[in-house]
Structure formats: structure tokens, C-alpha cells
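Please look at the sequence and the model first.

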Amino acid sequence: MTAKRQDLLNMLCDLSDLSALVTGSENIENFLQRTVLLVSGHLETPVCSIYLYDETADELVLKATVGLNPEAVDRVRMGSGQGLVGTVMASSQPVCEGHASQSPRFRYFPETDELLYESFLAVPIRKGVVKIGVLVVQHTEPDYFDTTDITALKATAAQLAAVLENARLLMDLQRMCSIPEKLACNQSFIKGQRAAGGFAFGRARVWGKSHVRLIAGPDTSESGDMADFRRAIGQTAAQLDALQRRCAERLPESASLIFAAHFMMLKDPKFIDRMVEKIESGSPATRAVRDVAGQYIQLFTDSPHPYIREKVSDIEDLAGRLMSNLVPLADDQNGNSGGKVVIARELYPSELLKLAAESVAGIVLANGGVTSHVAIISRSLKIPMVVVQCPELMHLDEGTPVLIDGDVGNVFVDPDKTVIDRYDARNQARRQVPVAAEPQPAGPTRTLDGTRIHLLANINLLAELPLAGQMGAAGIGLYRTEFPFLIRPSFPSETEQYLVYRKVVESMTGKPVVFRTLDIGGEKTLSYADAETEPNPELGLRSIRFTLAYRDIFEQQVRAILRAAAGSRTPAIMFPLISSVDDFRKARQVVTDCLDQLRAEGLEHHDHPAIGMMVELPAVVESMAEFAAEADFFAIGTNDFVQYMLGVDRSNKRVADYYRPEHPSVLRALNRVVRVAIEHKKPISICGEMAHDETMIPFLLGIGMRRLSIDPQFMPAVRTCITGLTIDACQAYAGELLAAGSVSAVREILSRQPNLAA
Ligand code: PEP
Ligand code: MG
């Protein structure tokens with residue numbers, strides 16, 4: 001670095017220089033442009049660029065440049081970790097390349113013309129832990145930058161960080177305040193994550209936008225008298241009735257209550273009579289519906305309770321139906337979701353169900369997250385669903401054509417004909433290929449050397465039971481009883497639960513069924529439970545802690561299970577998230593009390609269910625012997641066990657790299673748990689995702705696991721895997737894995753793909 005450049009750098013580091021830059025700029029874009037000019041001047045480089053981090057799209061965006069093609073500003077975008085600039089962002093470390101184009105991490109953006117610049121130096125711009133962007137300088141001369149330049153650029157970035165952070169926030173604000181004409185997250189194609197497979201092509205319905213339209217009203221003139229209004233009410237009630245029946249067919253556990261709120265409102269004097277009053281005093285029917293619904297929506301939107309906010313969509317939906325029965329609206333204005341692609345920030349399971357009843361074509365969740373149960377229900381209902389990180393999609397015009405590919409997670413907004421034709425062709429080809437019936441497995445699953453492995457099914461919804469049967473499940477190792485609770489708008493009664501559980505028992509025709517008691521809280525929230533928001537829901541009042549706290553809810557469920565199990569041979573009740581023997585005893589006492597009640601009431605029930613528990617918390621490992629003395633059986637829930645063992649939120653993608661089922665401590669703890677259960681002759685199974693992971697199955701068999709409970713669709717692959725293994729080889733392999741002391745060492749062994757058939 002020349003003395004002149006050092007002097008100029010000193011000048012840049014002078015705060016007054018920066019503040020002059022801010023005050024002298026007309027707007028943020030101009031400020032950024034002046035900044036890159038200044039830095040490139042001081043550092044004597046022909047190119048200087050600022051990339052800012054767009055948090056909503058999780059991308060770096062070129063915001064200002066001198067030296068690169070100015071047309072590239074706002075157009076060049078890259079994910080964290082992509083290309084040299086993305087690498088700087090992901091690693092938070094400078095990157096200095098003497099021959100940038102030869103670097104394996106180099107990514108060429110034709111818009112920038114940057115191939116001419118071989119020397120590349122970039123440093124992260126951060127304020128504390130907040131990532132703001134990347135500052136880049138480039139030069140035509142190879143090997144131009146040295147360590148002094150790195151220090152200088154780092155100092156410059158540190159100096160700029162605070163003011164650039166403000167610029168970035170202001171730009172975000174500008175973007176949020178103006179309804180974008182174009183989507184910021186890459187216009188017509190958005191790469192997302194798949195949540196439920198299949199294709200859908202239809203017009204967009206933006207969830208939550210219709211009430212704005214409802215209050216503002218369509219351009220058509222107001223119309224309708226009292227007779228029209230009464231007729232519209234009758235038609236709406238009949239339509240809802242038909243929808244409700246369709247809903248109950250597709251997901252029987254939803255019972256008939258999914259549209260209960262609609263029916264109540266249709267009967268609510270405050271709601272309907274207010275409309276009637278308005279019509280009587282001269283208001284056209286459409287205006288009356290709009291006014292009253294608008295008042296309710298306003299009132300409910302402001303509520304602090306999630307279950308009341310959820311009702312907004314019910315009112316909106318009902319009012320939309322009344323309106324379209326009063327004046328037939330254009331297809332994209334009638335608020336109906338049939339054949340459309342719904343775009344929502346997030347959806348409650350009960351809303352998903354209503355959309356299914358209307359035959360929605362597909363769903364895009366625009367806020368980047370999906371809870372596992374919403375994805376499960378969507379898969380079960382065969383509604384393609386894609387999750388994208390693109391909140392701007394919520395500004396999309398209603399009626400815009402949208403194509404989604406739930407198999408890979410793609411969303412196309414207003415796709416051109418070639419894209420549509422391509423998907424049409426794929427769809428047709430799919431329909432023409434007959435779905436081959438899976439061969440029925442004959443008899444139990446055995447390893448190559450004849451050891452029996454029990455393949456049990458994990459079941460969430462009644463709709464999955466036939467598949468479990470077809471796949472030859474030896475029973476149900478985990479029935480997640482929270483699903484009937486999740487998909488309904490209110491707590492199911494004991495009788496309603498009984499009817500659902502009875503279907504489970506009957507469908508298994510004498511095979512064992514393990515009912516796990518209500519596992520809600522954490523990521524599985526019931527909007528209607530009106531639970532307090534907890535700072536750490538995964539460590540809060542979830543699962544068995546919730547049911548022990550609300551004993552009436554717990555008792556109703558246990559009674560329903562015991563009654564449904566009447567006459568069955570091997571029912572079992574299992575408690576989730578047990579942390580101490582004391583918890584287990586309290587929960588078991590509830591079962592004992594329920595048995596006493598049922599006997600006293602003379603109600604038919606099963607009198608001796610097996611009572612077991614899930615191993616999901618590290619606290620259980622040390623006390624396994626005490627638990628084994630009391631519990632009839634165990635099931636290891638590795639999804640949670642890994643979460644709590646490693647202290648990693650299982651649904652937080654920011655720490656996904658720390659969620660390591662193959663962590664040596666996890667493997668060793670599993671080994672101890674299984675060993676103690678075997679010593680005490682207590683059946684033990686595994687029912688987390690690890691149970692269908694073919695790389696982990698040899699380990700599980702090697703430590704003595706003989707029961708795997710998995711989603712039915714994985715059964716054929718898991719069965720094939722097991723039949724190619726011998727227990728001796730698995731034991732030796734497990735020994736090797738247990739001796740490995742680091743995640744990398746375990747991974748290295750797992751990646752070898754050894755022959756375990758010997
Ligand atoms: C588990 O934690 O592994 C488990 C099976 O329970 P869930 O995934 O329902 O929390
Ligand atoms: Mg769990």
C-alpha cells in the first residue's frame with residue numbers, strides 16, 4: 001500500500017468525513033453511491049461496491065457500485081454462501097483473491113462485466129452480530145491487494161457499519177411502505193421449500209387481503225333488498241352445509257365443527273339482525289353486509305387473543321359468501337378459494353381444512369416457515385404446498401396466475417406459456433403412469449440372519465390408516481393424538497375423541513396401538529387454547545406439562561382412549577416429554593383415576609392398558625433404571641431427544657447445522673437407554689425421524705433396537721434395508737460408531753457405506 005493510500009485511508013476514518021457524506025446526500029441511493037466513489041478513490045481501486053443484506057429474501061443485493069455496470073444495481077442478488085461475496089457474508093471473514101475467476105467459489109454475473117477484474121478483496125460489514133452487507137474492491141492487476149489493504153478495508157467497513165445499517169433499515173421501510181409493482185424476491189420465479197408434493201396452477205388468492213376489499217367494496221354499485229338478503233342467507237347456509245360434509249369425508253376427525261363459527265354467526269342476532277336493521281332503514285343489502293362485517297373485522301383484528309384473530313378469516317369468509325350470493329362477483333373477487341392458489345403468511349390447520357373443503361388448488365406460505373403439523377395435514381389432504389421466504393408475495397394482485405411445484409418447492413408468478421406447457425406435460429405423463437400397487441409384504445420383517453424387527457407405523461390422521469395397513473405395519477407405534485385437536489376450531493369433547501380413537505383401534509384389527517397423550521405446546525400451538533405467549537415455548541408448558549396443568553383436558557382424553565380400547569388386545573398409553581419419575585407417577589395416577597371413574601360409571605372400557613413413556617429428554621438417561629422399574633415400555637422420540645440433548649431448536653433453520661442426530665453424545669445416550677431397557681426386559685422402540693434414516697438403521701439394530709416406528713410411506717425402503725443386514729455386522733458397526741468421539745469422526749464412518757450383510 002502506498003503512503004498516499006494510507007493517508008487517504010486515515011482521512012476516510014475521520015468521522016467528520018462520513019457525516020458530511022450523509023448530510024450532503026440527497027437520498028439513500030445517492031449516499032451509497034458517494035460512499036463507493038469515496039472508498040474507491042481512497043484505495044485507488046477502479047471498482048468498489050456495496051452489497052446490502054436483504055433479510056426478508058435472505059439475499060445480498062448489489063446496492064451501489066463504481067466500476068461495475070451500473071445497470072447491475074438491485075439486479076445482482078446472491079444467497080449467503082453463494083459466490084465470493086456470498087462466502088464473505090456466510091463466513092463473516094474477508095476474502096482476498098489474486099486470480100478471482102480461477103477460484104472455485106467464483107460466480108460470474110453477466111450483468112456486472114466483472115471478469116476484467118482479477119484481484120478481489122471483500123470484507124463483511126457487521127454491526128455487533130448483525131450482518132449488514134459486504135464491501136468489495138476489485139482491480140484489473142492480478143495479486144494487487146495485500147494484508148495492509150485487508151486491514152484498511154476492514155477499518156473502512158467498521159467505520160461505515162452504523163450508518164449503512166440505518167440506510168438498510170430505511171430502504172427496507174421504503175420497500176414495505178410502497179406496494180411493490182414487482183416482487184423484490186426475484187420477480188417471476190421464487191425458489192422455496194417443499195412442504196407437500198404435487199403441482200398446482202391457478203389464480204392467486206391472497207389470504208387476509210379480501211377483508212380490505214370487503215370493507216372498501218367492489219366497484220359495482222350497491223344493490224339488494226330484504227328478499228335478496230334472506231335468499232342469500234339461505235344459499236350461504238346450504239353451501240356451508242355441503243362444504244362441511246365434504247370436509248368430514250376427507251378428514252373424519254375434523255367432525256362437523258369446522259364451519260361451526262360460520263353457522264353461529266349466521267344465527268347470531270347481533271350479526272345478522274344488525275344487517276337486517278340497516279336494510280330496513282334503507283341501506284342496500286350489500287352495503288349492510290359490508291358495514292357490519294367490517295365493524296366485526298376491525299374489532300377482532302385488534303384482539304390480543306390469537307383465537308379471536310383467527311375468527312377474522314371466518315367473518316371475512318362468511319361475508320364474502322353472502323356478498324357473492326347477493327351479487328355474483330367476478331371469479332377473482334368472490335373470496336372463494338376453489339381452484340385457486342392461496343398465498344398466506346401462515347395458516348392454522350383449521351383454515352387449511354376449510355380451504356381443502358373448497359378444493360383449493362395449492363398453497364404458498366410466504367413467511368418462510370411451516371410447522372410440521374400444517375405440512376403433514378397438507379400432505380394428507382393432497383394439497384401441494386410450498387414455503388417461500390418472500391413476504392412481498394402478500395402484495396400480489398388477486399387473480400394473478402401462479403404455478404407451484406410442491407415436489408421441488410418452486411413458485412412461478414405469472415408464468416409464461418413454456419413453463420405452463422412443461423408442467424402440463426409432466427402432469428399428463430404422471431396421470432398416464434399407472435400407480436403400481438405396492439407388493440404386500442408376506443410375514444414379519446427379518447434381518448438377513450433371521451432376527452425379527454417390528455415395523456410399526458407413526459399415525460397422525462385417520463386418513464393415513466389405510467396406507468399403514470397396505471404397507472404391512474405390525475401395529476401403531478405412535479398415534480399422535482394432538483392432530484384431532486390441531487385441526488379443529490375448539491377442544492374436542494370426550495365423545496368426539498372416543499369416536500376418532502375407536503376408528504384407530506378398529507382399523508388395526510387386533511394389532512397393538514400406542515396412544516400418545518396430547519403433545520401440544522412448543523411448535524404445536526392450539527389457537528383456541530389461548531395460551532400465554534412464552535419466551536421459550538419448547539422449554540415451556542408443553543406436552544405432559546400442559547396436560548398435568550389442565551387435568552380436566554387430560555382426564556377427558558384418557559377416558560376417551562380407555563373407552564375406545566374396550567375389547568382390544570394390546571392398547572397402550574404413552575406420555576410424552578417425561579422428565580422425572582415423579583412426572584410419570586402423576587400421569588399414571590390420572591390413568592388410574594380414570595379407570596376408577598369408568599368402573600364406577602359402568603362404562604365399557606379397557607381395564608389394563610400398558611402404560612409407557614417417551615424418552616425425549618436427556619434427564620431420562622441417568623434415571624433409566626428407575627423409569628424401567630415403573631414404565632411398561634419406552635419409545636425414544638429422537639426428534640426431541642436430539643433437540644434437548646444438543647440444545648438446538650428443531651425448527652429453527654438458523655441453527656440447523658447444530659441439529660446432529662449423529663452427534664457422539666446422542667449415539668452413546670441412545671445406547672445406554674436401550675441397554676437399560678433390555679436389561680429390565682422392557683420393550684423399547686424408536687419413533688423419531690432417525691428410525692427411517694437408512695444410514696442410522698444399522699446402528700440402531702446394532703445397539704439392540706428391535707422396534708422401529710415410522711411413517712408408513714417409508715416402510716418399503718426400511719424393510720429392504722433391514723433384510724440386507726446381519727445383527728453381528730450391525731453390532732460391530734455400532735461399536736465402531738460409539739468409539740468415535742467427534743461428529744466428523746462419526747460422519748466419516750457413516751459415509752463409508754460398509755457391507756453389513758456378512
Ligand atoms: C419425537 O420427538 O421424536 C417424536 C416422535 O415426537 P414429535 O415429533 O411428535 O415431537
Ligand atoms: Mg416429540
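**The ligand sites and the fold**

Helix α23 gives the largest share of the shell around ligand 1, three residues. This is a predicted model, in which local features need pLDDT of at least 70 and side-chain atom pairs pLDDT 80 or more, while totals for chains, interfaces and linings use all residues. Residues are numbered from 1 along each chain as its sequence is written, chains are lettered from A and ligands numbered from 1 in the order in which they are written, and side-chain values use heavy atoms, leaving out hydrogens and water.

Q: How many residues surround ligand 1?
A: A residue is near a molecule if one of its heavy atoms lies within 4 Å of it. The closest are Arg480, Arg516, Gly637, Asn639 and Arg650. The number of residues in the shell is 14.

Q: Which residues coordinate the magnesium ion (ligand 2)?
A: Donors are N, O and S atoms within 2.8 Å of the metal (3.2 Å for Na, K and Ca), and water is not among the atoms, so sites may look incomplete. At 2.1 Å, the ion is coordinated by Glu616 (OE) and Asp640 (OD).

Q: Is threonine 726 buried or exposed?
A: Threonine 726 is found in the loop between α26 (715–723) and α27 (727–739). Buried means under 20% relative accessible area, exposed over 50%, and partly exposed in between (1.4 Å probe, protein chains only). Because its relative accessible area is 7%, threonine 726 is buried.

Q: How many helices and strands does the protein have?
A: Helices (H or I, at least four residues) and strands (E, at least two) are DSSP runs, numbered from the N terminus. Of the 758 residues of the protein, 53% count as buried. The protein has 28 helices and 23 strands.
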